[in-house]
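Me: Please take me through the rings and pockets of this model. I want each label tied to its criterion.

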Amino acid sequence: MDENLLIYVFDPQDQLVYLRDVFKKKLPLSHALLARLKTQEKIHVNGMFAHTNYRLQPGDVVTVDLNLAETNPILPQDIPLEIVYQDADVMVINKPAGMAVHPVKAKAEGTLANAVTHYWQQQGRFCLFRPVNRLDKGTSGLVLVAQSQYAHQALFRQQKLGQIQRRYLAVVEGVVEKDQERIELPIGRSQPGSSVFRQVDAAGKPAVTHYTVIQRYPRHTLLSLRLETGRTHQIRVHLAHLGHPVCGDSVYGQASPLIARQALHAAWTSFLQPRTQTRLEFAVPLPPDIQHLLTLI
């Protein structure tokens, strides 16, 4: 079976139901994606192109070809990738520290997007780079990448519903006293001229972070963190506000002679496979530089 095909078989409840309503209720597709599918004639019933005003009948088999023609503007580069998991819809990648997820105007090379684009082209795939979550350049760990517009909109919906879960590990400055805590502090943009990018701000967007102490050291603490929201730099801002900045965070704390970047790692993620709705979960260990840091503190 072609992995790019989305297949739906007639259900007795579908008698004379419009195809567009089936898409809305049974195969949730965004308006933008549905428009592209129609334009490129990717929707078929019993092997024949069908409009969305078609009424379903017994025995009908609906197929949607998700392999849409796309132009990827990102430069492909042969950069090693640690792919933790891959199927027709998603990739889970363990991003190293020091690699940006997506190019910016000043730097269009050496990013995860460049590496993934090259990997896809080697496989004969030409699709846009659609990360579901992003990590700061200095943060290591798991990044979820959708391999089609369909998968991206399905995962985006999961994210809005809180069905995508992520946990991080961080080494922070100081000894955290509470074993666990729920941090609920809004985050907004910093003031012009500030040395930080984000700050706790009563007028900012709601942000909730949960932490649990894993181990205390003489002057540091290893924390496990779970996000309810996904604001920019959320973990780093919240922990700095509590007086426990991430070790090595030169923006929200200070540089450390013990590690060359912030000691923050996206260690675990869980989500629903877009087509099967099977829950998947993945974990990666702490990278060598944070493991080494733990031997020094």
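**Rings and pockets**

Reply: A search of the whole structure finds two aromatic pairs. The model is predicted, so local features need pLDDT of at least 70, side-chain atom pairs count only at pLDDT 80 or more, and totals for chains, interfaces and linings use all residues. Residues are numbered from 1 along each chain as its sequence is written, and side-chain values use heavy atoms, with hydrogens and water left out.

Me: What makes Tyr 85, Phe 271 and Phe 282 a cluster?

Reply: Ring pairs link Tyr 85, Phe 271 and Phe 282. Rings of Phe, Tyr and Trp (its six-membered ring) pair if their centres lie within 6.5 Å.

Me: How do you know that Arg 55 lies over the face of Tyr 18?

Reply: The distance to the ring centre is 4.0 Å. A charge sits over a ring if NZ of Lys or CZ of Arg is within 6 Å of the ring centre and within 35 degrees of the ring normal. Arg 55 therefore counts as lying over Tyr 18.

Me: Which ring has the charged end of Arg 167 over it?

Reply: That of Trp 268, with the charged end 4.1 Å from the ring centre.

Me: What makes a lining residue nonpolar, charged or polar?

Reply: Ala, Val, Leu, Ile, Met, Phe, Trp, Tyr, Cys and Pro count as nonpolar, Asp, Glu, Lys and Arg as charged, and the others, Gly among them, as polar. The lining of the largest pocket thus divides into 14 nonpolar, 13 polar and eleven charged residues. For the second largest pocket, the lining has eight nonpolar, four polar and three charged.

Note on methods
Phe/Tyr/Trp six-rings, centres within 6.5 Å; stacked < 30°, edge-to-face > 60°.
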